[in-house]
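Biologist: I have a model open and I'd like to learn how to read it. Can we go through it together?

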Amino acid sequence: MALHANLKYQTTTFKRLNAALKASPAFTNGERYQFQAKVRPDLMPLKKFIENIADFGADGSLFGDAGEIPTQFAELLREKTTTGNAAVNSPLDDYREFFEFDIEIETDDPVTGVTKTIGHLSKRIGPGSGGEHRAPLYVIAGAALSSAYRMDENNQDGLRLILLDEAFDKMDTPNIVATMRYLEKLGLQVLLASPGENLPTLTAFLHRYFEIMKDETRHVIHVEERRVSEAMREQFREDMWEYHPELLETELLAVRQESIAQPADATP
């Protein structure tokens with residue numbers, strides 16, 4: 001029953017995390033991410049047995065019974081009690097061992113609007129660019145802490161803190177905005193240190209920040225606090241198409257009109 005409760009919690013958590021990702025703007029190249037958990041084929045009978053026990057009880061009911069005990073159960077018990085295997089992870093101790101985890105990479109077809117899967121993070125690690133590597137890792141970090149804090153939409157108590165050092169280094173604006181929107185949607189409190197060039201983008205999300213400057217002559221550090229009001233955050237968001245998609249449409253319309261007005265013999 002404890003395993004069943006944890007399996008249900010995992011399913012609920014993934015649904016909540018994926019809903020937060022759906023509500024966030026797309027990352028670079030129009031990519032979106034979704035957490036994926038596939039049951040390991042060899043453990044499917046055992047997972048089904050656990051679900052049946054929860055539904056019908058160990059002795060069954062008028063609506064059915066749990067069925068025969070799967071052979072995997074006896075094998076796992078034998079492995080668990082074998083000398084030297086105490087440190088080995090077992091599905092009987094850890095519900096996560098039932099799954100193979102990955103992040104699905106999706107994009108919307110620009111013509112049909114249909115969402116399609118273009119790959120998985122497990123296959124991308126290696127050939128992807130810096131931004132393509134980093135964005136999913138921030139997604140994973142946010143999900144891990146959200147799960148550790150046992151957060152849900154009705155529970156916003158506690159510190160809910162995520163600490164990021166050298167945050168968003170070498171990441172482009174769409175990835176930074178999408179990541180911050182995702183962490184904001186989860187309800188995490190972000191405390192970060194980031195290069196100064198990201199400040200114009202991050203100000204749309206910050207409540208306060210500290211400028212840290214070193215006086216090379218006097219060898220002292222100057223720290224100045226800057227508070228960001230809600231009105232200031234809104235002002236910075238006014239130029240972001242992620243908050244105002246009409247800006248993108250206006251820009252595309254201007255480009256089309258300029259293309260139509262351009263003389264036919266003009267050099268592009």
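Predicted model: local features only at pLDDT ≥ 70, side-chain atom pairs only at ≥ 80, totals over all residues.

Biologist: In what order do the 3 strands of the open sheet come?

Modeller: In general, strands of a sheet pair through backbone hydrogen bonds, either parallel or antiparallel. Here the order is β1-β2-β3, with antiparallel pairing. Strands (E, at least two residues) and helices (H or I, at least four) are DSSP runs numbered from the N terminus, and two strands pair if DSSP finds at least two bridges between them. β1 (31-39) and β3 (115-120) are at the edges with a single partner strand each, so one side of each has no neighbour in the sheet. On average, neighbouring strands here are turned by 40° against each other, direction ignored.

Biologist: Which strand does β4 pair with, and in what sense?

Modeller: β4 (residues 161-164) pairs with β5 (residues 189-192) in the parallel sense, over 4 bridges. Leu161 stands opposite Gln189 in β5. Between β4 and β5 the chain crosses through helix α6 (residues 173-186), a right-handed β-α-β crossover; that is, with the strands pointing away from you, the path from the first strand over the helix to the second runs clockwise.

Biologist: Now the helices. At what angle do α1 and α2 pack?

Modeller: Axes are lines fitted to C-alpha atoms, for helices over the stretch in contact, and angles run from 0 to 180 degrees between N-to-C directions. For α1 and α2 (residues 44-56) the angle is about 105°, with the axes 9 Å apart. That makes α1 roughly perpendicular to α2 (under 35 degrees is roughly parallel, over 145 roughly antiparallel, 65 to 115 roughly perpendicular, the rest oblique). Contact means heavy atoms within 4.5 Å, and here Leu3, His4 and Leu7 in α1 meet Lys47, Ile50, Glu51 and Ala54 in α2.

Biologist: And how do α1 and α6 pack?

Modeller: Their angle is about 135°, again with axes 9 Å apart, which makes α1 oblique to α6. Among the residues in this contact are Leu17 and Ala20 of α1, and Tyr182 and Leu186 of α6.

Note on methods:
Residues numbered from 1 in each chain as written. Heavy atoms only, no water.
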